[in-house]
Amino acid sequence: MKLHELKIESEHYRAVYYKNKKVEIRKNDRDYKVRDILELKEIERVTCSKDGLLHSRYTGFSILVRITHILRHEEFAGLADGYVMLSFEKLKGESEYENAEYNESIANTDIETGEIVKVHNTIFNDCAEKDKDCER
């Protein structure tokens with residue numbers, strides 16, 4: 001059993017968090033196995049004022065899920081060569097504090113755009129961790 005750390009965009013993270021999403025299609029570059037654990041780390045897209053490009057930024061939230069089934073491209077013509085569909089179950093054990101904290105961040109999300117209005121304190125930025133010029 002291995003632990004795989006993966007990025008997941010906020011929209012999909014919320015769907016996993018609320019148990020509406022139970023599959024992921026991923027490139028099979030990690031030799032996934034049934035019972036492996038995925039740590040899905042929420043990211044959001046931000047425009048960096050320095051270069052004007054979109055960058056990914058960690059929100060500080062993550063979810064642990066266990067792979068329960070793997071559908072390989074050899075078994076299903078709809079999957080591109082080298083890709084797999086991972087079915088998973090969300091693991092229990094999140095504290096009430098973590099749930100409350102995440103729910104608070106969801107409460108601060110603009111419903112129409114999905115933009116997080118109030119950004120969580122523990123955000124890390126892929127374009128430059130300490131770059132003050134990156135804005136929402």
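**The aromatic cluster**

Mentor: Tyr13, Tyr17 and Tyr18 together make up one aromatic cluster. Please keep in mind that this is a predicted model.

Trainee: How many aromatic pairs does the structure hold?
Mentor: There are two aromatic pairs. In one, the ring centres of tyrosine 13 and tyrosine 17 are 6.5 Å apart and the planes lie at 20°, so this pair is stacked. In the other, the rings of tyrosine 17 and tyrosine 18 have centres 4.8 Å apart and planes at 85°, so that pair is edge-to-face.

Trainee: Where do tyrosine 13 and tyrosine 17 sit relative to each other in helix α1?
Mentor: They are four residues apart in α1, and therefore separated by about one helical turn.

Trainee: And tyrosine 17, buried or exposed?
Mentor: Tyrosine 17 counts as buried because its relative accessibility is 7%, under the 20% cut-off. Tyrosine 18, at 41%, counts as partly exposed.

Trainee: Which residues of α1 are buried?
Mentor: In α1, which spans residues 10-17, the buried residues are Ser10, Tyr13, Arg14, Val16 and Tyr17. They cover an arc of only 160° around the axis, so they lie on the same side of α1.

Trainee: What follows α1?
Mentor: Lysine 19 follows α1, and its phi is positive, near 65°.

Trainee: Changing topic: which charged ends sit over a tyrosine ring?
Mentor: The charged end of lysine 90 sits over the ring of tyrosine 17, 4.4 Å from the ring centre. Likewise, the charged end of lysine 41 sits over the ring of tyrosine 58, 6.0 Å from its centre.

Definitions and conventions. Residues are numbered from 1 along each chain as its sequence is written. This is a predicted model: local features need pLDDT of at least 70, side-chain atom pairs count only at pLDDT 80 or more; totals for chains, interfaces and linings use all residues. Side-chain values use heavy atoms; hydrogens and water are left out. Buried means under 20% relative accessible area, exposed over 50%, partly exposed in between (1.4 Å probe, protein chains only). Helices (H or I, at least four residues) and strands (E, at least two) are DSSP runs, numbered from the N terminus. The arc is that of the directions from the helix axis to the C-beta atoms. Rings of Phe, Tyr and Trp (its six-membered ring) pair if their centres lie within 6.5 Å; planes under 30 degrees apart count as stacked, over 60 as edge-to-face and the rest as tilted. A charge sits over a ring if NZ of Lys or CZ of Arg is within 6 Å of the ring centre and within 35 degrees of the ring normal.
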